[in-house]
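Dear colleague,

I am handing over the structure below, and my notes on what was found in it follow directly after.

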Amino acid sequence: AGLCFMLLVYGVNRKSILRKAAKDTRHREESYREIFQVLFLMVTPVIFTTFIYNCNAYLDNYLFFTILGWHGENQKALNAAYGEFSNYYVTLINVPLAMASASASAMMPEVSSCYATGDLDEANDKILETIRLTMFISIPAAVGLGVLAFPITGVLFPSSSSLSGKLLMMGAVSVVFSALSTITNSVLQSIGQQKKALHNAAISLGMDLIVLALILAVFPKTNIYAVVFAGILSSLSGCVLNNLSIRKHLNFRNEFKNTYVKPLIAAAIMGVVTWIVYYGLFAITKRPSISMLAAILIAIVVYLIAFVVVTGTTEAEMRRMPMGTKLVKVLRILRENPALRDSPPAAGRFSDRIPRRRSAILPGGLITGNVNEISCYVKKAPVRKTEKTVFRTGAFLNIGIEKSVCNFLCVFLSARFLFQI
């Protein structure tokens with residue numbers, strides 16, 4: 001199928017290619033031997049790297065059954081445990097990793113061209129942008145899978161046991177490490193360091209097998225959890241080794257705070273809200289599917305808002321993300337609060353005390369707000385504030401603060417009331 005597609009693309013662009021070839025008067029003809037030699041030297045390390053990643057699961061399977069078989073573990077129980085791991089856990093973990101693979105494929109031509117022309121700064125910018133985009137998806141995905149591990153496995157796989165949820169909760173962090181390992185591996189391949197990528201993959205595989213064998217030999221009761229832990233360690237070592245290699249060849253410096261810490265803070269906020277929403281709705285409806293769907297939808301909105309506020313993302317940066325234009329439209333809708341429009345104050349209305357804050361998406365993307373009067377009717381005493389409030393340079397989201405605070409208090413008190421019941 002891939003070959004047929006490439007032939008179709010060539011057929012469509014054949015005339016254009018021939019015209020460009022006719023205009024090229026300064027070139028050197030390469031023999032088929034030279035062409036096949038270059039292809040062989042480039043493709044072979046990539047093939048072996050892919051082989052290492054794919055044979056990892058087979059070797060883990062072999063060690064798992066062999067070592068625990070020596071300890072006299074029940075074969076039927078081992079089959080059931082490994083079935084939960086391979087059929088449910090691995091399937092769910094691989095869903096967000098598809099985004100990392102797509103980002104890596106899209107990044108490779110740009111990084112390769114920048115590296116070939118000697119523009120290392122531009123190459124590093126492309127790499128950092130791709131890593132940030134991947135973390136924008138992978139970190140909240142890992143948090144979501146960990147928080148909703150049991151509902152997800154129970155709803156999507158009704159035949160699964162609680163073991164699947166425990167495995168997913170434990171191994172959700174591997175989404176981040178595996179995604180980063182995929183991106184950095186593609187970077188090495190795009191700058192002609194296929195052998196280094198193969199070397200790092202081999203070291204990660206060896207570490208995975210050694211750690212798994214030692215844990216199962218010394219602590220056989222860890223059972224299938226040892227496979228999950230060894231996989232996490234393998235993906236972590238892969239991304240660390242690849243990052244060191246990239247730093248050596250490109251002088252690449254990763255921005256730890258903006259790339260990892262701030263998205264993690266936004267994802268943590270999302271995780272807390274998701275947990276409250278799911279278990280609060282489940283206590284009322286007793287329907288896990290409805291509660292999970294509502295929690296996921298709310299989690300998306302909460303993470304989007306928290307990410308923009310915490311990281312200070314500009315409109316231009318947001319538009320470069322997948323479906324970025326639509327995300328900007330959603331944020332514009334969230335920014336517009338009808339209660340903040342200029343209108344005569346209505347008796348008893350909390351929001352009418354606050355003048356409209358004109359903070360459209362400004363050049364430079366600054367969130368500002370002149371809050372001249374904020375009234376609190378709890379003790380009948382208004383609290384006044386005249387300073388200019390600046391929430392975050394670079395962000396472009398304006399949230400009706402008073403409404404958000406009230407909504408949060410309502411949700412918090414309702415949840416507390418339900419859990420007390």
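V38 is found in helix α2, which spans residues 32-70; helices here are DSSP runs of H or I with at least four residues, strands are runs of E with at least two, and both are numbered from the N terminus. Please keep in mind that this is a predicted model, in which local features need pLDDT of at least 70 and side-chain atom pairs count only at pLDDT 80 or more, whereas totals for chains, interfaces and linings use all residues. Residues are numbered from 1 along each chain as its sequence is written, and side-chain values use heavy atoms, with hydrogens and water left out.

With a relative accessible area of 47%, V38 is partly exposed, given that buried means under 20%, exposed means over 50%, and partly exposed lies in between (1.4 Å probe, protein chains only).

V38 also belongs to a nonpolar surface patch, together with Y32, I35, F36, L39, M42, V43 and I47, and the accessible area of these residues together is about 800 Å². Patch members have over 30% relative accessible area and no salt bridge, with nonpolar side chains (Val, Leu, Ile, Met, Phe, Trp, Tyr) joined within 5 Å and like charges within 9 Å; a salt bridge is a side-chain nitrogen of Lys or Arg within 4 Å of a carboxyl oxygen of Asp or Glu. Accessible areas come from the Shrake-Rupley method with a 1.4 Å probe.

As for the protein overall, 39% of its 421 residues count as buried, and its secondary structure comes to 14 helices and two strands. The protein exposes about 24300 Å², of which carbon and sulfur atoms supply 66%.

Best regards
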